[in-house]
Amino acid sequence: MDMEEALNSTIHPSCLEEPPLAIDVIKQLDVFGVALYSMLTLMSTLSLLLYLEECVFIYRKVPSPKKTTIMWVNGAAPVIATMACFGMWIPRATMFTDMTSNSYFAVVVYKILVLMIEESGGSEAFLKSNAQKTFKISVGPCCCCCPCLPRVPVTRYMLFLLKLGALQYAILKTVLSIVSIILWTNGNFDLSDLEITGTAIWINPFIGVLTIISLWPVAIMFMNICNTLRSIRIIPKYAMYQLVLVLSQLQTAIINILALDGTIACSPPFSSSARGTMLSQQLMILEMFIITLVTRALYRRTYDSLPTDPHETDNDQNSKISLQAPEGEHTV
């Protein structure tokens, strides 16, 4: 008991308290802190402004069913950067900002799948062009180690299952986020509580399973049609989506684990956990700003429809020639 009291007496009281209020964060900022916070705030503001400008461009230039999907996908990095900025300035709002970012990105996972289908001409055109093909399903993150899995024919039911697999994450992630916030306000949800009786130890692994299940259909679709959509730069677009996934989920999880372990030291007025969250948000703003610039360059164009079947093109040209032939005979 004496050793514990001696240990506690050497720890700053702020290291054992909740995250500081926004006014406390502002008061403890030095010149470097003011410059850093101002620069990161400017980055997140520019990310949001560039996204709004991009939405206006997409709304004017891209045909109707596709424009909404592209707006959703384009908004992943700016929304995460904006929420990270709010969480940086208001540490006690981190629960709400993180849940908002994660719920939005859960919808983006589904929208990426929809985007690839729409870039293929829509569901009907996709089914028609792939009617005689089979899709490889032994891809990550679920079955990359199972090359013996049979190829699956492209049918309407298979397309429905792919959509359902991605959509379930968008719905259940949002529902579980709301439940987590409700439990958190009542003191029943704490990320640092790793006891078997804690709610976080049950909800977070379940969300992880849902995430893996939702990523599998998107990976199946991409691996099987990436060559077809290469002309519209689907590979770098998919890479940006994967990068946002890794940075917003895996990077944040690693930093939180290091903070809970005490590897990230306490720095008053921030506890170890709150400081880890702050570092994660600052990194996120910088990374999402760069991704916003890259995705803006990738999507800032009006897409043409995919090239049609060459046989159909020849038939169309022959029909035009046959229709024009009588006119030539009359002119002679």
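Guide: Helix α5 is largely enclosed by the rest of the structure, because 12 of its 14 residues are buried (under 20% relative accessible area with a 1.4 Å probe, protein chains only; exposed is over 50%, partly exposed in between). Helices here are DSSP runs of H or I, at least four residues, numbered from the N terminus. This is a predicted model, where local features need pLDDT of at least 70, side-chain atom pairs count only at pLDDT 80 or more, and totals for chains, interfaces and linings use all residues. Residues are numbered from 1 along each chain as its sequence is written, and side-chain values use heavy atoms, with hydrogens and water left out.

Among the buried residues of α5 are Pro78, Ile80, Met83 and Cys85. The buried set packs against α2, α3, α4, α6, α10 and α11 (contact means heavy atoms within 4.5 Å).

Arg296 and Glu53 form a salt bridge at 3.0 Å, N to O (a side-chain nitrogen of Lys or Arg within 4 Å of a carboxyl oxygen of Asp or Glu). Arg296 lies in α11 and Glu53 in α3, so the pair ties together parts 243 residues apart in sequence. Glu54 bridges to Arg296 too, with the closest N and O atoms 4.0 Å apart. At 3% relative accessibility Glu54 counts as buried, while Glu53, at 31%, counts as partly exposed. Arg296 is partly exposed as well, at 25%.

Key:
Helix = DSSP H or I, 4+ residues; strand = E, 2+ residues; numbered from the N terminus.
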